[in-house]
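This report concerns aromatic ring pairs and the nonpolar core around them. The sequence and structure follow.

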Amino acid sequence: MRVNPNYSADMVSLMEQAQQNESTAAEQLSTGRRVNLPSDDPAAAAAMVNESARSAAIDQYTASSDSLTNVLNTANSTIESAVTLLQRAVSLGVQGAGSNMNQSNLDSIATEVSGIQSQMLSLANTSYAGKYLFAGTATGSPPYVADAADPTQINYVGNTQQNQVQIGTGLSVASNLPGSSIFSQSGANVFTALQSLVTALQSGDTSSITTAEASVSNSLNAVDTAQVFYGNTVNELTNNESFLSQERINITTYENTLASADMASAATSVTQAQTVLTATVAAAAQMNQRMNLLDYIK
């Protein structure tokens, strides 16, 4: 009888392989994934790394989009308030131009318009999370300040640039309109128009009041137009977030395709590995008995 003198090493190798197979299959049953280590499937593991990076980018884009939506909604709400104030100023101007107004009435109206001007300055200097919304890219300081020489003159000290926020791969949107294109457009300066109306009311000149009221109305239209930008941008963000949400679903589905374990197959593999291990141990025991017998015969 010929006996393999290296049977012990062979048996150990078989048992180690069976134990490894059992451990791998058991881990698949535990995690529900067939790729738990890069060595389980290098190609699938590499693909999962790429998908994980895509998922992280989507999370960042979604967070940026959510944050920007809050900023835009705040800005839009501010402009709605400004529109309401200017509508009131226009109504006061029409009232002041009426034939039944005495100077006392006009002075009272002028005081209310002056209050509207102060409220408009506060709105134009609205900030969110420590950044001024209508300062262009110079968001660290108020964009509108009273002139040092003439406090009735309100100056814009921001810039005319727009901030950009990335909300997707190769996709960015403007996050703001500078105040110079909302509150102080050439020919439609809110503060100049309101001050003109105050001055006209105080003068009691009906013609001047009518002209000033028309200027305020023109400024109202300019401010109201800015709402289109904010509304359209919010809609774009909403649509983009729906796209990002679908992309996240697609990534999850693909990752499951790459890594999900076949649970029935994994259970079978565990049973097979245990069977092989038991059989190998039994065979090793028999070989030991034979070798002991041979030694005895010798």
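## A buried ring pair

F134 and F183 are both buried, where buried means under 20% relative accessible area, exposed over 50% and partly exposed in between (1.4 Å probe, protein chains only). This is a predicted model, in which local features need pLDDT of at least 70 and side-chain atom pairs pLDDT 80 or more, while totals for chains, interfaces and linings use all residues. Residues are numbered from 1 along each chain as its sequence is written, and side-chain values use heavy atoms, leaving out hydrogens and water.

## Aromatic pairs

The structure contains 5 aromatic pairs. Rings of Phe, Tyr and Trp (its six-membered ring) pair if their centres lie within 6.5 Å; planes under 30 degrees apart count as stacked, over 60 as edge-to-face and the rest as tilted. The ring centres of F134 and F183 are 5.3 Å apart with planes at 80 degrees, so this pair is edge-to-face. F134 lies in the loop between β2 (131-132) and β3 (144-146), and F183 in the loop between β6 (171-174) and β7 (184-185), 49 residues apart. Helices (H or I, at least four residues) and strands (E, at least two) are DSSP runs, numbered from the N terminus.

Y144 and F191 have ring centres 5.1 Å apart and planes at 50 degrees, so they form a tilted pair. Because Y144 belongs to strand β3 and F191 to helix α4 (residues 190-203), the pair ties together parts 47 residues apart in sequence. Ring pairs join F134, Y144, Y156, F183 and F191 into a cluster.

## Nonpolar core

F183 is among the residues touching the most other members of the largest nonpolar core, which has 48 residues. Such a core is a set of buried Ala, Val, Leu, Ile, Met, Phe, Trp, Tyr and Cys residues joined through side-chain atoms within 4.5 Å. Helix α2 contributes the most, with 12 residues.
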